Amino acid sequence: MKKIGQNLFTYVDERFKLQGLFDFAKHKKVPEHEDSFWYYFGGIALFLSGIQVATGIMLLLYYTPSIEAAHESIQFIMSQVKFGWLIRSVHSWTANILIGILFVHMFSTFFLKAYRKPRELTWITGFFLLILFMAFGFSGYLLPWNELSYFATRVGTDIAGSLPFIGKWLKGFILGGTSVSQATLSRFFWFHVALLPLAAFTVIVIHVLLVQILGMSVPLRLKDKKVKEISFFPDFIYKDALGWTLILVLVGVVCVFLPWEVGKKADPFAATPLGIKPEWYFTFMFTTLKLIPSHVLFIEGEQLAILAFMAGGIFWMLAPFLDRKAARERPSPVFTWIGIIVLLYIVVMTVVTYTVPKL
Amino acid sequence: MTKKIFSIAVFSALSLLPLAAFAQKNSCLDCHSGLEAELKAPAMSFAQDIHQQFGLTCKDCHGGNPAQASEDKAKDKTFKGAPKRTQIPEFCASCHSDAAYMRTFNPRLRVDQFSQYETSKHGQLLKKGDAKVAVCTDCHGVHGIQTAKFPKSATFPWNIPQTCGRCHADADYMKPYGISTDQLTKYKDSVHAHALFEKKDMSAPTCNSCHGNHGAFPPEVKSIGSVCRQCHPSTGELFAKSPHKKAFDDMGQSECEACHGNHKIERPTTAMLGTTDKAVCVQCHDKGSKGYQAAGELKTLLDGFDARIQKEGATLVLAEKKGVEVSEPAYRLQEVNTVLVSAKNLVHGLALDEIRKKLAEGEQTLADVGKASAAALDEAKFRRKGLIIATFFLALFGLALFLKIRSMRKPA
Amino acid sequence: MERRRFINFFFGGSFLATLAAFLYPVIRYVLPPKQAEAVQKKVAAAKMGDLAPNTAKIFKFGSVPAILVNTQEGQLLAFSAVCTHLTCTVNYEAATGTLFCPCHNGRFDMAGNVISGPPPRPIETYIVEVVGEDIFVSKKA
């Protein structure tokens with residue numbers, strides 16, 4: 001038995017030169033210290049992305065991207081297809097958990113200043129991945145063509161439309177027309193299953209490659225101390241797998257007890273239901289737009305907020321270059337405070353969205 | 001700034017335009033617009049009046065000559081002035097009973113309002129000289145008369161109860177007549193008022209649907225059944241074939257009203273059947289009689305079937321709460337409900353066999369739904385079981401990983 | 001050494017079991033379901049020739065019953081079959097050429113309007129399209 005395995009490996013190795021890869025994995029070391037807990041979130045995010053690809057491919061088997069049939073096909077998946085409820089619930093729930101994990105991953109990287117030289121590009125590709133996954137969320141949300149997603153998309157694209165200069169054009173591009181219609185559904189479907197996966201896959205490859213080449217960053221305050229190391233394979237991978245196992249149990253429990261709802265079919269002629277909200281990870285921006293006064297000085301409040309978010313995003317993306325101190329391996333409390341403020345802002349605004357009535 | 005003043009000026013000038021148009025050839029308006037309070041009111045409110053929309057002016061009802069500028073000349077011998085309250089019906093009827101004249105405005109408008117009014121309780125009392133009773137203007141207004149199709153008019157369906165109630169719910173006003181004044185409050189609790197006010201269903205009956213409008217009169221014992229049959233014909237048909245028909249006639253009992261009441265007709269439930277105190281059957285059927293026994297059977301039959309529908313419905317809701325899709329059996333259950341509603345209507349025919357036969361039609365579907373709802377619950381259980389198994393394997397795998405990690409650490 | 005072998009065995013075994021627990025739903029999912037297709041907004045209600053003139057057929061439209069009528073003149077009309085009074089299912093009455101609700105004798109004309117009885121509102125009408133041999137019914141958008 002063992003011999004067959006060895007022969008098979010030799011056969012493959014002679015052709016694919018796998019040994020080098022194994023050697024790399026075996027010799028690669030991962031630092032282990034009190035903050036290394038945060039290292040695992042990247043792996044979890046990667047694992048959940050894998051689940052998304054697998055369940056997404058399976059949903060494609062029964063989903064129909066047309067406004068006549070989209071909602072019905074989801075209903076069909078949830079009721080008629082064996083384990084359809086499970087596959088779809090896993091896809092929807094994992095999408096949300098994934099975005100949550102990405103936020104944790106991002107903030108832990110930020111607070112540990114792991115973005116500092118030479119890992120600037122890892123940070124920037126990570127930032128792009130967050131944007132891409134939020135775009136995944138936004139486009140996927142419309143696909144079941146239900147009331148909530150329909151109106152959330154209308155509101156969301158209206159916001160994009162209020163951008164100065166490019167707003168109108170951008171809204172038209174996203175919608176594929178002037179309103180949320182079949183063209184929009186086709187487009188969102190195209191984004192969700194073709195364009196975004198391709199883009200995300202490319203960026204993930206670069207991101208993971210950079211992590212492999214550069215190794216894990218050690219927190220600033222430990223740089224002069226001797227840090228224990230464990231081997232990447234199999235020790236770190238096993239620990240990673242333990243994290244994945246735990247998250248799988250979580251996904252299983254929520255999917256069985258709270259299967260994702262189908263909702264009412266979208267009716268373009270119905271009045272907008274009260275309290276329409278986007279998915280939770282957009283709410284901090286959404287609520288800001290609602291709370292900001294209609295005019296701040298000489299410009300429209302909404303436009304100001306959108307511009308502020310864009311400027312904030314660019315600042316956030318360029319943090320490795322702006323944080324000169326961290327780049328020189330010195331503590332940078334200013335950036336820690338910026339991170340705390342940003343985190344607090346997002347948390348407070350999100351909590352406000354769900355707790356303040358009639359917002 | 002000047003632009004603003006200009007636009008205000010233009011706007012106010014435009015809004016006065018209709019008045020100005022009148023003023024040119026209507027001395028009635030010229031004068032009355034300048035008068036105070038109730039002498040000014042006609043000039044102001046007539047602009048909204050349906051008669052105005054058909055091109056009629058003051059003189060078409062009140063006579064006189066609006067072309068004349070002075071009051072003396074304008075109020076010539078054709079001038080009728082304001083009619084006395086007791087004369088109002090005839091005043092309106094001078095046009096509204098003239099079929100040839102009315103046809104020129106609206107060929108479909110009825111012209112029998114006055115003759116109907118004369119037969120109404122209001123009309124009869126007015127003839128006897130009682131000026132307190134309702135005349136045309138009490139319901140239709142005076143110089144701002146709207147059609148019954150205009151939602152703000154007092155004769156629009158959902159305003160009618162209040163219009164009648166203005167007098168009939170006023171205990172002081174109604175005192176001399178010795179009739180109760182609780183009709184409006186009672187009506188407001190009825191299933192009909194619920195349909196009218198909550199569901200905004202304009203076809204729901206209001207006061208005039210049963211009492212008539214111009215010929216308003218309380219329906220008599222003999223005619224109540226015919227009134228209800230206007231909307232509930234099948235129920236009336238069933239009742240006419242039932243043994244109750246003869247019994248009620250012999251006793252001089254009104255048909256529907258005996259069980260359902262009049263102004264406060266509530267949504268009928270099976271609580272009305274059976275042998276409890278709330279049941280209407282025991283009003284006549286004494287314990288031990290055949291009717292008493294049948295009343296009990298009726299209730300058991302319908303309640304039993306209803307309970308089964310409720311039970312399946314509840315099971316489906318439960319299964320849905322547990323995340324199982326049940327739209328298909330819920331759809332089938334609707335069919336069974338059709339059977340139950342039909343069977344409940346058949347109660348009016350009192351033929352137990354007919355009801356049994358009807359209910360039997362729903363048995364098969366009900367059984368199917370029962371199977372489906374049980375399957376839905378099983379599915380929910382299966383999901384939980386599956387989760388337990390998968391979680392168990394995952395836990396084992398997690399434990400194995402943990403042991404692996406520990407054993408790796410040791411040699412190092 | 002024994003312990004190590006045990007752990008390896010345990011590791012591999014539990015991994016395979018977990019894999020099986022995941023593959024089972026996936027395989028069941030991929031197998032064609034009993035009802036082959038999702039019910040759509042547009043429903044194939046009947047085939048041409050299914051309905052003789054002056055007859056009708058009740059069919060499932062989404063989650064509600066609907067009725068396809070072939071009138072005496074051979075015109076195809078479709079309606080919601082849910083009575084607007086107490087949601088009973090209405091039938092086509094050939095003798096009068098109207099929709100008739102058996103519960104309380106509500107009656108609707110072929111434009112969906114109430115003719116008589118307690119129904120408060122007209123019944124919803126649908127669009128009928130004939131494509132080849134199939135009769136499709138869809139909601140008015």
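Tutor: Between chain C and chain A about 1600 Å² is buried, 75% of it given by carbon and sulfur atoms. Buried area is the accessible area (1.4 Å probe) that two parts lose on being put together, summed over both. This is a predicted model, where local features need pLDDT of at least 70 and side-chain atom pairs pLDDT 80 or more, while totals for chains, interfaces and linings use all residues. Residues are numbered from 1 along each chain as its sequence is written, chains are lettered from A and ligands numbered from 1 in the order in which they are written, and side-chain values use heavy atoms, without hydrogens and water.

Student: How many residues does the contact take from each chain?

Tutor: Chain C gives 19 residues and chain A gives 21, contact meaning heavy atoms within 4.5 Å.

Student: And how many salt bridges across the interface?

Tutor: The rule finds 0 between chain C and chain A; a salt bridge needs a side-chain nitrogen of Lys or Arg within 4 Å of a carboxyl oxygen of Asp or Glu.

Student: OK, the sheet. What's the strand order in chain C?

Tutor: The 6 strands run S1-S10-S9-S4-S3-S2 in an open sheet, with antiparallel pairing. Strands are DSSP runs (E, at least two residues) numbered from the N terminus, and two strands pair if DSSP finds at least two bridges between them.

Student: Which strands stand at the edges?

Tutor: S1 (43–47) and S2 (55–61) of chain C; each has a single partner strand, so one side of each is left without a neighbour in the sheet.

Student: What stands opposite C:Val128?

Tutor: C:Val137, in S10 of chain C. Strands S9 (residues 125–131) and S10 (residues 134–138) of chain C pair over 5 bridges, in the antiparallel sense.

Conventions:
Helices (H or I, at least four residues) and strands (E, at least two) are DSSP runs, numbered from the N terminus.
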